[in-house]
Amino acid sequence: MTTPLPGLPAHRAGSVPLALRDDWEQLSMGDRAAFLARRVAAGRWAYGAQEAWQRGRPWQPMRPLVIAHRDYEALGAVAERLLRLAVDACRRRAGTVGELREVMRDRCPQRLLTPDRPLEHDEVLRVARPDVLLCRGVPKFLELNISATIYGIPALDRMADAYARLWPGAALSAPTPVLGARSALLAALMSRRSGPGGRLLVPTWRSRVGQAAKLGNRRALRAYLRPTVESATSAGLDVVVEDLSRLRTDEHGRLQAGGKRVDMVLNWFHSWMITDDSGGVDAIAAALAAGTVELFLPETMRLLRSKEILAWLYEDLDLLPAEDRDLVLSHVPWTAWAGPQQSRTDRDSVVRRALRDRADLVLKPANEGSGRGVVFGADLDSDSWRALVTESARQGTVVVQRRVEGDTVRMPFLDPSSGAQCDLRVPYVLSPFLVGGRICGALVRHVGPDRTGGRVINLGAGALANTTLLTAWTHDRRITDTAGSSTG
């Protein structure tokens, strides 16, 4: 039986669920004007030469989302609780990593998976970045994104700091940096595992997909990882950077990198992604089997990214305490799964509901990301939708999820090359980072003036990256600008 976490806002049947809003227009008009003028003067500001988020995209957002600090912390508490409930749902179906893989019928090659390892909350939830839409202010969690391949942390921290420097006065502050929070967690884990003298490996690698493929070569990847290395070093860690192709184990099964013993690997990759590793992944696997090294991001996390787990939360509603049941109903859109491993009766039941509620549902492959394979029922006629759902469920695990009509936000945009500006109301996705169970930083994605990407708001589909700043005041307080005038 799960118990509510300390600090989690009360969520009981009939209570008002957590609601968030963008508080930009609650700030003083004078301070907003001064901020935007400074933003224009800053032109095409750089988060880092290695970042490719805005490359080739002329328009840039001129401001962040502004969220009350109290609401931001409450969002983190809700996210943390839902993540733990997701792991609980897995533990009800499987006691070990290998058993969970069998339940999910996962066949993806995972060379660093440890099948006999039990499912532990704190281990598999070290880093997560759920995708959230706000629906009339209520956060709706579309995906949990418990994954080893979560990038963009250095750029987001720099972006938030840049925004905060542009704001006149101290009314707005940047969230806790994600990079610093992760380094602090790494240092704590290393101390617990190895005591003084432990060593962290930050590897480089070659891959056909992911960030390494986007950057193109190891030198660019090493530059991309430099903020990670600097942050970990500042946290007191002994860090070695080495390519996977040069890793070996010694006669005692200890992992060696650059002639130095390694105790923990910051593995920003899935093993199936790696090409040309010359036995490096096998060396890590051997050290894992010998118990001489630990992955900061266990490969089990790839299983936990499955959207099938959101459907399990709904299957298990009657097993949850009232507070947790209300939390799921308030903040997770109705989700059901269908797949070839399912009984024919259960699969047909899901398909029938999918056909009945076509206009209100979205079909998603359970184990894909970045919007791949997502289809809105409203975009197809009944016959096409029937064929898609039936065939997709026959070939692999899919989920059907209640469509969420997300809130929009008014956002000013700048084209630094021409000086052009425009102001649009755009839909957006809010994705808070959780490191060690605590919220720190957030990725915001929204469309720009070119409105590319269709319904799915994704960086790969043309969306723009943004982030948040926080206010310390509450909604019943009057906001005073730096000149002393006030607005209601």
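## Terms and model

In sorting residues by class, Ala, Val, Leu, Ile, Met, Phe, Trp, Tyr, Cys and Pro count as nonpolar, Asp, Glu, Lys and Arg as charged, and the others, Gly among them, as polar. The model described here is predicted.

## The second largest pocket

By that scheme, the lining of the second largest pocket divides into seven charged, four nonpolar and two polar residues. The pocket holds about 270 Å³ of space. Its lining has 13 residues, and those nearest the centre are D122, E123, L125, R126 and G436.

Three helices, α2 (69-93), α4 (121-124) and α6 (178-194), each give at least two residues to the lining of this pocket.

## Overall make-up

The protein contains 14 helices and 26 strands. It has 488 residues, and 56% of them count as buried. The exposed surface comes to about 20400 Å², with 49% supplied by carbon and sulfur atoms.

## Cavities

Rolling a probe the size of a water molecule over the atoms shows where empty space is left. A search of the whole structure finds four cavities of 30 Å³ or more. The largest cavity has a volume of about 70 Å³.

Which residues line the largest cavity? They are L156, D157, A160, D161, A174, P175, T176, P177, V178, G441, A442 and T467. The largest share, four residues, comes from α5. By class, the lining of the largest cavity has seven nonpolar, three polar and two charged residues.

## Aromatic rings

A pair of aromatic rings is described by the distance of the centres and the angle of the planes. The structure holds six aromatic pairs. One of them joins Y224 and W268: the pair is tilted, with 6.3 Å centre to centre and 55 degrees between the planes. Y224 lies in helix α8 (residues 218-234) and W268 in the loop between β13 (264-265) and β14 (274-275), so this pair ties together parts that are 44 residues apart in sequence.

Are Y224 and W268 buried or exposed? Both Y224 and W268 are buried. Elsewhere in the list of aromatic residues, W24, F35, Y163 and W167 form one cluster.

Key:
Residues are numbered from 1 along each chain as its sequence is written. This is a predicted model: local features need pLDDT of at least 70, side-chain atom pairs count only at pLDDT 80 or more; totals for chains, interfaces and linings use all residues. Side-chain values use heavy atoms; hydrogens and water are left out. Buried means under 20% relative accessible area, exposed over 50%, partly exposed in between (1.4 Å probe, protein chains only). Accessible areas come from the Shrake-Rupley method with a 1.4 Å probe; for residues, only the protein chains shown count as cover. On a 1 Å grid over the protein atoms alone, a cavity is a set of points where a 1.4 Å probe fits but cannot get out, and a pocket is an open set with protein on both sides within 12 Å along at least five of seven lines; lining residues have an atom within 4 Å of a point. Grid points are joined across faces, edges and corners, and a volume is the space filled by probe spheres set on the points. Rings of Phe, Tyr and Trp (its six-membered ring) pair if their centres lie within 6.5 Å; planes under 30 degrees apart count as stacked, over 60 as edge-to-face and the rest as tilted.
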